Each structure stands twice: as C-alpha cells, then as structure tokens.
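Student: I have a model open on my screen and would like to go through it with you. Could we take it piece by piece?

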Amino acid sequence: MNNDISIYYSPAPLLSQKCVFNYVIGNRGGGKSFSGKVLGIKRFLKKGKQFIYLRRYQSELDEVLDYFADVRFKFPNVKLEQKADKLYINDELAGYMIALTKTPYLKSNPYPLVTTIIFDEFIIDKGRLTYLKNEPQLLEEFYDTVDRSRDETVVLCFGNAISMVNPHFIYFQTYPKKDRRFTKNTEKSVCIEFYFNEGFIAKKKNTRFGRSIATREYGQYNLYNDFLRDTDKFLTNRPESANY
C-alpha cells in the first residue's frame with residue numbers, strides 16, 4: 001500500500017464539506033478503514049485529539065486483536081498499541097473501541113478530547129448480523145454524548161456498496177447520486193460520498209482475482225460500486241396498450 005498510496009482513499013475532501021455525519025461508499029479494499037486510522041493517529045500526534053472506533057456489536061470488536069496492524073508501517077517511529085478496548089499512541093490514551101449497542105449506557109461518560117468517531121461497515125449484508133432498532137438515532141445520541149455541544153466532533157461512516165436501502169439513508173432521507181461524488185443535505189448536516197478511484201480499479205483488475213470477477217455481478221460491486229443487493233430489473237417502460 002505504501003508504494004502507491006495516492007490511489008487509496010482520503011477523507012479530506014469529504015471533511016471539507018463541513019458536515020457532522022459523513023458517509024463514504026467506496027471500492028472494497030480501497031483504503032477507507034485504513035484512512036480512518038491514519039486520520040485518528042495524525043490528529044492525536046498533531047493536536048492531542050482522541051478518536052473512537054465504533055462498530056455495531058461487541059462481537060465485531062472482539063475480533064480486532066491489533067487495530068494498528070495494517071497502518072503501523074506508516075508511523076515507524078510511533079508506538080501504536082491496542083490494550084483491550086483502549087488504543088494508545090506513544091503510551092498515551094488516544095482512542096476507544098466501542099460497540100454501538102453499549103452506547104446507551106455511556107451517556108454519563110465524558111470524552112472531552114474526542115473529535116472523531118469512525119463507524120466501520122455501516123452497511124451490512126444479509127447474514128448473522130442485523131441493523132439495530134433505531135440505529136441512526138443511537139448514533140445521534142452517542143454523538144451528543146461525545147461532543148457535548150462543543151461542535152467540533154465529526155462522524156465518519158465507512159461502507160461498501162451493498163444496498164442504498166439502509167436505515168441511515170432512509171433516516172436522513174438522503175441518498176447518494178452515482179453521477180456525482182458528494183450528495184449533501186446541509187439542513188441535516190449529512191454528506192454522502194460516492195467514491196471510486198480509477199487507478200485503484202486498474203490495479204485491482206490487473207490481479208488474478210480482479211480479472212476473475214471483472215465481468216461478473218460481484219465484480220461490478222467490488223470494482224465499480226454497483227449496489228450488490230439493489231436491482232431495477234422489475235422496472236420497465238409502460239407498454240402503449242396499458243390503460244393505467
């Protein structure tokens with residue numbers, strides 16, 4: 001990744017939109033989660049600001065044994081450690097790993113140094129995991145717990161193009177438009193970034209796996225952000241013989 005970092009995702013353009021809730025839909029493997037880690041580390045090293053790595057369930061966090069494993073090479077002179085649900089940079093507390101299911105019990109917890117919340121895999125596919133009841137509201141409530149009207153905290157939500165029909169887009173009544181990079185709802189302070197990088201696509205298509213999937217439905221999702229579970233095949237033009 002370090003040899004061609006420019007083809008991987010950066011959240012800077014999205015954050016320049018100045019919204020509270022920032023959603024990213026991008027190529028799978030394109031560096032979204034990686035970029036969130038880099039952002040959190042840099043903000044702590046530069047300003048002492050902390051971050052929260054948020055997942056939906058505790059079981060998802062239990063599977064993360066070394067949060068910094070893939071990003072450590074970028075900071076060779078920085079000590080990066082995970083100890084249980086805490087993240088340390090140069091032996092100082094820099095971040096928290098929190099499950100959204102537990103946030104209703106954290107309303108009295110102060111997070112005065114946290115300015116970034118990173119919610120990974122906000123869109124889920126069919127399987128053993130399900131969305132939480134009133135999930136977007138839970139996220140809003142947790143944001144309020146963290147920010148405490150400081151008006152300096154941002155939420156970055158990373159996801160793959162599974163389905164445009166998900167609780168977050170429905171709740172905010174904001175949906176990404178595939179012909180533009182940013183879809184912004186200023187009133188609700190929401191911005192959705194529909195991102196793909198031609199350089200990354202070309203690199204991935206040049207792999208054996210990329211060539212294997214390129215012409216199939218999964219390849220359209222994996223490479224080009226076509227929503228995997230959405231279809232318009234049931235729609236057609238009205239025949240001239242139709243009365244209604």
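Student: Where does Arg43 sit?
Tutor: In this predicted model, Arg43 lies in helix H2, which covers residues 32-47.

Student: Is Arg43 buried, exposed or partly exposed?
Tutor: Arg43 counts as partly exposed, because its relative accessibility is 25%, and buried would require under 20%.

Student: And which residues does Arg43 touch, leaving out those up to four places away in sequence?
Tutor: Arg43 is in contact with Leu15, Gly48, Lys49, Thr115, Thr116 and Val154. Of these, Thr115 is 72 residues from Arg43 in sequence, while the two C-alpha atoms are 8.9 Å apart in space.

Student: Which residues of H2 are buried?
Tutor: The buried residues of H2 are Lys32, Phe34, Ser35, Gly36, Lys37, Val38, Leu39, Gly40, Ile41 and Phe44. The helix has 16 residues and spans 22 Å from its first C-alpha to its last, which is close to the 22 Å expected at 1.5 Å a residue. Just after H2 comes Gly48, with a positive phi of about 75°.

Student: Switching to the sheet, what is the strand order?
Tutor: The sheet is open and has nine strands, in the order E3-E4-E5-E2-E6-E7-E1-E9-E8, with mixed pairing. At its edges are strand E3 (80-83) and strand E8 (182-185), each of which pairs on one side only. On average, and with direction ignored, neighbouring strands are turned by 20° against each other.

Student: How does E8 pair with E9?
Tutor: E8 and strand E9, residues 190-195, run antiparallel and are joined by four bridges. Within that pairing, Phe182 stands opposite Glu193 in E9.

Student: Which helices pack on the sheet?
Tutor: H2 packs on the sheet and touches several strands, including E1 (21-26), E2 (50-55) and E7 (154-159), and its direction makes about 155° with that of E7. Helix H4, residues 135-147, also packs on the sheet, where it touches E1, E2, E5, E6 and E7, and its direction makes about 160° with that of E6.

Student: What about E4 on its E5 side?
Tutor: E4 and E5 also run antiparallel and are joined by four bridges, and the bridge partner of Tyr88 in E5 is Leu93. These two strands form a hairpin with two residues between them, in which the turn residue Asn90 has a positive phi of about 50°.

Student: Which face of E4 is covered?
Tutor: Leu87 and Ile89 make up the covered face of E4, whereas Lys86 and Tyr88 are on the uncovered one.

Student: New topic: how many disulfides are there?
Tutor: The structure holds zero disulfides. Cys191, for instance, is in no disulfide, as the nearest cysteine sulfur, that of Cys19, is 5.0 Å away. Cys191 is buried, with a relative accessible area of 0%, and Cys157 likewise counts as buried at 0% relative accessibility.

Student: Last one, where does pLDDT stay under 50?
Tutor: It stays under 50 over residues 228-236, for which the model has 12 contacts beyond four places in sequence. Where pLDDT is low, the predicted coordinates should not be read in detail. The chain as a whole averages a pLDDT of 85, and 77% of the residues score at least 70.

Terms used
Residues are numbered from 1 along each chain as its sequence is written. This is a predicted model: local features need pLDDT of at least 70, side-chain atom pairs count only at pLDDT 80 or more; totals for chains, interfaces and linings use all residues. Side-chain values use heavy atoms; hydrogens and water are left out. A disulfide is a pair of cysteine sulfur atoms within 2.5 Å. Buried means under 20% relative accessible area, exposed over 50%, partly exposed in between (1.4 Å probe, protein chains only). Contact means heavy atoms within 4.5 Å. Two strands pair if DSSP finds at least two bridges between them. Axes are lines fitted to C-alpha atoms, for helices over the stretch in contact, and angles run from 0 to 180 degrees between N-to-C directions. pLDDT is the predictor's confidence in each residue, from 0 to 100. The expected span of a helix is 1.5 Å times one less than its number of residues.
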